[in-house]
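Please read it alongside the sequence and the model.

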Amino acid sequence: MNGEIDAYTAGIIDGEGTISITSCRAKRDYGKKIYKRYFLRVLVSSTEKRVLEFLKQHYTGNICVQKSFSQKSFSGTKPCYVWRVTDISAENLLKKITKYLIIKKNQALNGLEYRKTFGNALFTLKRDKNGYMIFDPKIWKNREKYYNKSLLLNNSKFFSKFGTTEYKEKMRNK
């Protein structure tokens with residue numbers, strides 16, 4: 001039965017989902033230092049909340065209402081819901097469903113490779129005098145590589161605008 005649920009979930013994600021590595025800027029030390037944080041994210045958008053509740057029941061995550069342009073502009077439109085899982089939960093999900101994915105298999109494989117950059121990182125990181133973790137620049141560069149590949153695989157407009165032509169060509173030829 002679990003194989004059937006995983007296959008069904010893969011179909012939902014292939015059709016209505018997104019698998020990406022995203023970034024955000026995070027502050028630490030009371031806003032004095034800003035650094036970039038990357039995380040793996042899987043999300044599915046739907047106007048049918050029952051599908052998302054099914055995903056949450058089987059794979060954890062959370063559901064929220066997405067306020068879209070159409071809802072602001074047109075009365076009578078259905079609300080759009082979003083289910084999402086991140087980081088370890090997303091990794092666990094992708095390990096179960098990747099073999100069933102067709103359209104988003106490369107995004108899933110990239111996400112799983114990205115998650116390998118964590119390994120036992122939390123146990124091997126050094127800390128500065130304030131107790132903050134000191135990150136190895138090589139690890140960040142490696143994670144940035146997977147982030148850029150995710151943008152390319154998802155045909156991101158951001159990557160089209162800001163990604164380097166050299167990197168795009170290199171990744172397309174792999």
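Cys-64 counts as partly exposed, since its relative accessibility is 28% (buried means under 20% relative accessible area, exposed over 50%, partly exposed in between, with a 1.4 Å probe and protein chains only). The model is predicted: local features need pLDDT of at least 70, side-chain atom pairs count only at pLDDT 80 or more, and totals for chains, interfaces and linings use all residues. Residues are numbered from 1 along each chain as its sequence is written, and side-chain values use heavy atoms, with hydrogens and water left out.

**Cysteines**
- Zero disulfides turn up in a search of the whole structure (a disulfide is a pair of cysteine sulfur atoms within 2.5 Å).
- The closest cysteine sulfur to that of Cys-64 is in Cys-80, 9.2 Å away, which is too far for a bond.
- Cys-80 is buried, at a relative accessible area of 16%.

**Helix α1**
- Helix α1 covers residues 2–16 (helices are DSSP runs of H or I with at least four residues, strands are runs of E with at least two, and both are numbered from the N terminus).
- Its 15 residues should span 21 Å at 1.5 Å a residue, and the end C-alpha atoms are 21 Å apart, which agrees (the expected span is 1.5 Å times one less than the number of residues).
- Buried residues of α1 include Ile-5, Ile-12 and Ile-13.

**Nonpolar core**
- The largest nonpolar core has 28 residues, and Ile-13, Val-42 and Trp-83 are among those with the most contacts inside it (such a core is a set of buried Ala, Val, Leu, Ile, Met, Phe, Trp, Tyr and Cys residues joined through side-chain atoms within 4.5 Å).
- Elements giving two or more residues to this core include α1, β2 (33–46) and α7 (137–153).
- Not counting residues up to four places away in sequence, Val-42 touches Ile-13, Trp-83 and Leu-94, among others (contact means heavy atoms within 4.5 Å).

**Salt bridges**
- The whole structure holds seven salt bridges (a side-chain nitrogen of Lys or Arg within 4 Å of a carboxyl oxygen of Asp or Glu).
- Glu-91 pairs with Lys-95, their closest N and O atoms being 3.3 Å apart.
- These two residues are four apart in helix α4, so about one helical turn separates Glu-91 and Lys-95.
- Glu-91 is buried at 14% relative accessibility, whereas Lys-95 is exposed at 54%.
- A network of salt bridges links Arg-37, Asp-87, Glu-91, Lys-95 and Arg-115.
- Glu-48 bridges to Arg-50 at 2.9 Å between the closest N and O atoms.
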